[in-house]
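Subject: Structure for your review

Dear colleague,

Please find below the structure that I am handing over to you. My notes on it follow.

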Amino acid sequence: RGGLRIYTSLDPVLQDKAEELVKNWADSNNARFAAQNASLVSVDNKTGHVIAMVGWRDYYDEENKWNVNITTSRLQPGSSFKPFVYSIAIDKEIIGSKTPIYDLKTRFPGWYEPNNFDWKFMGKMDVSTALNNSRNIPAVKMYFLAGGENAIGDWMKTLWVDSINAFKDDYFENYGKEYAYWASMGLGTAMLTPLEMAG
């Protein structure tokens, strides 16, 4: 009304749909898991432009202190991070999609002994099957094959993900530890933003 023109990459139709989806899923998450929130970011693959973004269930709900944009907050991505870890070993030609790998109870250095989400082990399989079934033991093996925490952090920087190393720098400065994530990084404990993941 004041003569200003605002240019944005947001698609108003998709933005409305995103807000509807976030509200519906937040209600569903609350009913099923007592998790009261949800967020969504959608990026145009061709341009990298954000076409829809909902950072919080209700950004303006000050009573619940919900006015935070989760899409730009550092979070653990969980299993959605596993393909990045695998991709390093593939890029180094250490493995291929049909390379055999074992999903067996394994104790890793530091007495780290993770389980799978179903508390079962599937034995011998190929890398593609391990990734498709989101098996944790093969993913931790990929952490070591990829070169560990620093190699993964450097790899992610080539994909324009800076949050992982920023968190590590903070962690080292405050705690003086050698590793911020250690082998669990292969399972998605690295801290990055949903916006970076979408990118």
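In these notes, a residue is called buried under 20% relative accessible area, exposed over 50%, and partly exposed in between (1.4 Å probe, protein chains only). The model is a predicted one, in which local features need pLDDT of at least 70 and side-chain atom pairs count only at pLDDT 80 or more, while totals for chains, interfaces and linings use all residues. Residues are numbered from 1 along each chain as its sequence is written, and side-chain values use heavy atoms, with hydrogens and water left out.

I begin with helix 1. Helices (H or I, at least four residues) and strands (E, at least two) are DSSP runs, numbered from the N terminus. Helix 1 covers residues 12-33, and its end C-alpha atoms are 31 Å apart. This agrees with the 32 Å that its 22 residues should span at 1.5 Å a residue, the expected span being 1.5 Å times one less than the number of residues.

The buried residues of this helix are Gln15, Ala18, Val22, Ala26 and Asn29. Seen down the helix axis, they fall within an arc of 70°, so they line one face of helix 1; the arc is taken from the directions from the axis to the C-beta atoms. These buried residues pack against strand 1 (40-43) and strand 2 (50-54), where contact means heavy atoms within 4.5 Å. The face turned away from the buried side carries the exposed residues Val13, Asp16, Ala31 and Arg32. Just after helix 1, Ala34 takes a positive phi of about 60°.

I turn next to the salt bridges (a side-chain nitrogen of Lys or Arg within 4 Å of a carboxyl oxygen of Asp or Glu). A search of the whole structure finds 8 of them. One joins the side chains of Asp27 and Arg57 at 2.2 Å, N to O. Asp27 lies in helix 1 and Arg57 in the loop between strand 2 and helix 2 (82-91), so the pair ties together parts that are 30 residues apart in sequence. Asp27 is partly exposed, at 30% relative accessible area, and Arg57 is also partly exposed, at 24%.

Another salt bridge pairs Lys98 with Asp126 (3.7 Å, N to O). Lys98 is in the loop between helix 2 and strand 3 (100-103), and Asp126 is in strand 4 (residues 123-126), so this pair ties together parts 28 residues apart in sequence. Lys98 counts as exposed at 60% relative accessibility, whereas Asp126 is buried at 19%.

With kind regards
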